[in-house]
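The structure is shown first, and the numbered points follow.

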Amino acid sequence: MQLILNSFIAGSIYALVTLGFNLIYSTTKFFNLAHGAMATVGGYTVFYFSKTLGLNILLSVLFGLLVAGFVGYLTNKIVFKPLRKRGATNMVLIVASLGLLTAIESLIAILFSSQFQTLSNNQVTQKLFHIFGGVVTQTQILIFISSIIIMLGLMFVLKYTLFGSAVRAISDDEEVAKVIGIDTDKILTIVFVVGSIIAGWSGILTGFDTGLTPILGMGLLLKGVISSIVGGVGRVGGGVLGAFMLGFVENFGIWYISSEWKDAIAFGVLILFLVFRPHGIFGKK
Amino acid sequence: MDYLVHILILFSIYGMLAISLNLVVGYSGLLSVTHAAFYGIGAYATTLLMINLDLNFFLSLLIGMVFSGGTALLIGLVLSKFKDDFYAIASLGFNVIVYSIMLNWQTLTRGPLGIPAIPRPSLFGFSFFGNFWFLILVLFFLIITYLIARSIVNSSFGRVLKAIRENELATQIFGYNTKYFKLTIFVIAAVMAGVAGSFFASYVSFIDPSTFTMHESIFILSIVILGGLANLRGAVLGAFILIILPEALRFLGLPNEIAAQSRQLIYGVILVLLMLYRPQGLIGEFKLK
Amino acid sequence: MELKIKNLSKSFEGVKAVDDLSLELKSGIVNGIVGPNGSGKTTFVNLLSGLLPYDKGVVVIENTKIKKMKPFESLGYGVTRTFQDVRLFEQMKVIDNILIVLTKKDVFGSLFERQSDYQLNTALDILKKVGLYSKRNELALNLSYGQRKLLEIGRALATKSDVYLFDEPFAGLFKEIKKDVIKLINELKKENKTVILIEHDMDLIRELTDQLFVIDAGKLLASGKSEDVLANKKVIKAYLGN
């Protein structure tokens, strides 16, 4: 039972990452590997404001989200948009995103040291919930619930709002979207910011749940990429499903093999899907 | 003086890594982000052979080449199914898998504890224990690597690689089974990386998986792109710059930990700047478009 | 080199791009393939050069029955082609674009092969033939549009194949260069090669081709001597619509 719970929680975290990642991929059609850095930025911003400056926790979280969104905005404005405008191939974009990921995470390591930090308050012990024999912390419930809410929220926005249809139009065909008058630059900027905020949120939650390290973003990102590919790149709902599937496979997998192999299992799944079903479970060919 | 020798040894090792990766990325257009895996396999294979079986360094080196080449054959076969950005992602995946294996197959590799006390090479009674002699040895291998790479690049095979990079389908129309060409260069590059790994292991006398992560692959990639894609001298130049730079930082009195992160920060930024303003690197003949 | 196409079919997601096509292409003449946009001409060329696998049908080249062909096998069967969207090796020199055709095709052979004088001279001759000798050390991406088309053709000529598939080689060319290309095609005719020309320009078709095949919606609409086909009412209707 604990296994199932762990799977759900792992899946939720991956889902949060993949939601933002997929949103960006569906519109820009490239793998933004720097997305992971937004999670790290979010988490550490909260750390800075709450632990170092002593600010109220809710306010710190707000700042964390804003800063993550802002950094995401910057990466798009300074790096990705100019590259895409000059017609750069996906390879160039991936290399640039790798550079950004590396740079941002090392900057954080310099500013905050590579040591493991935790966001949770040491005095207050986490409320524990017992569900059918398994144990989850309050944070973990929050992770799960927020991932569902955000997923539903995103799906609602995409389906029922004007903004959502603009995003879907761009995903379908950016050129056509421009022709019919959609301000693709503005929409993409918003997509980047929203995606980065969601990523920041996942980083913050991870900070509360398991703690912060400068490379947490990279780890989350890679799982996010795997989830997206398993579920179908570019499909919001698919990505989330992929995330949960990944969570399950990982946790049940380590039941048989020891837990350190979790990453290898995850990437094994990635390779398998890339070879046999690159469009994922729900993606179109 | 000692310090200079130390830097030059590192430079030689990374020079081999950069030259070999350039063959794959620069000449063949395959965005491989898994080079550190082969670097690590060479290091571990040589180490284990020397320590557990008491084999001579040079023999271990040779066998290490077989291991890195063999793994590259398998990984290359799977990677051949991908193009462009998917290729990059998949290669990253393989890097993580290999790293995981290094970390978790503890009975073989001692996992995160690493393997200490790796001996220096010795040949016919002469030991390369002295750093100066080790430098001579590794420079020698760097030169050999360079010459082999140059020979490949100047042959008809080299021309085919470039054509594959430019337009794989058109290359096929003119009679080339490009899959074999790509696989071959991938394996050759992996073998060279394995050799670099063997020297690294022997030089620092202690290895652990943390050296061979995807971060390292990205670092080697940035050396290659900085120096210039499809230019062997560029690879060497890139290695020279990106190895000397962080050492210079150490002189500024930065504590070790920060110096390492600063290096990472610098090459991360360099990568972004290169993509934005100079995708062909310093003296490259080819730009990522 | 006689090229017989029998019942060739290819569908994409239910849509028949090439539908039970059967033709005979003879050597020593220029075989024209025309048809409205989307009629399946390019699919047809892609099938013949091994870029796409056939769903059904057989291609017979000089008594050799071919049921499937990989792109890199096409040269072995004596087939070469140009591309409508000119696929050159952009960041390589013009001379290298030709040399690539001449060097060893197997991995081991090419690893140990250095450029020979014979190869170099052959390549230079081709360049002279298409008028690009002076540009031999330029990068392909620096050529003008017309020069790029000429290089594509030169590359195909260098293969010394028996079957040449030219996919809209005249598109967008100036008059002078068009004359050069016409000359090259006529030379191939004289050398008794099998030339297959896909074109839109009816004047060129009239001038160059001997046999004409009209494809519409993947099917063969008409075939025969060019003058006859061009006067065919059905053909005119297909082009002009209603």
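1. In chain C, β9(C) and β10(C) run antiparallel and are joined by six bridges. Strands here are DSSP runs of E of at least two residues, and helices are runs of H or I of at least four, both numbered from the N terminus; two strands count as paired if DSSP finds at least two bridges between them. Phe213(C) stands opposite Ser223(C) in β10(C). The two strands form a hairpin with two residues between them, and Ala217(C) in the turn has a positive phi of about 50°.

2. This is a predicted model, in which local features need pLDDT of at least 70 and side-chain atom pairs pLDDT 80 or more, whereas totals for chains, interfaces and linings use all residues. Residues are numbered from 1 along each chain as its sequence is written, chains are lettered from A and ligands numbered from 1 in the order written, and side-chain values use heavy atoms, without hydrogens and water.

3. Parallel pairing occurs between β3 (residues 30-34) and β9 (residues 211-216) of chain C, over four bridges, with Val34(C) opposite Val214(C) in β9(C). Likewise, β6(C) runs parallel to β7 (residues 163-167) of chain C, and three bridges join them; Arg81(C) stands opposite Leu165(C) in β7(C).

4. Which chains have the most contacts, among the two pairs that touch? They are chains A and B, where 41 residues of chain A are in contact (heavy atoms within 4.5 Å) with 42 residues of chain B. Chain A and chain C have no contact, and their closest C-alpha atoms lie 11 Å apart.

5. The area buried between chain A and chain B (accessible area lost on being put together, 1.4 Å probe, summed over both) is about 3,600 Å², with 80% from carbon and sulfur atoms. On the side of chain A that touches chain B, α3 (57-85), α4 (90-112), α9 (216-231) and α11 (262-276) of chain A each supply at least two residues. The largest share, 15 residues, comes from α4(A).

Definitions and conventions:
Buried area is the accessible area (1.4 Å probe) that two parts lose on being put together, summed over both.
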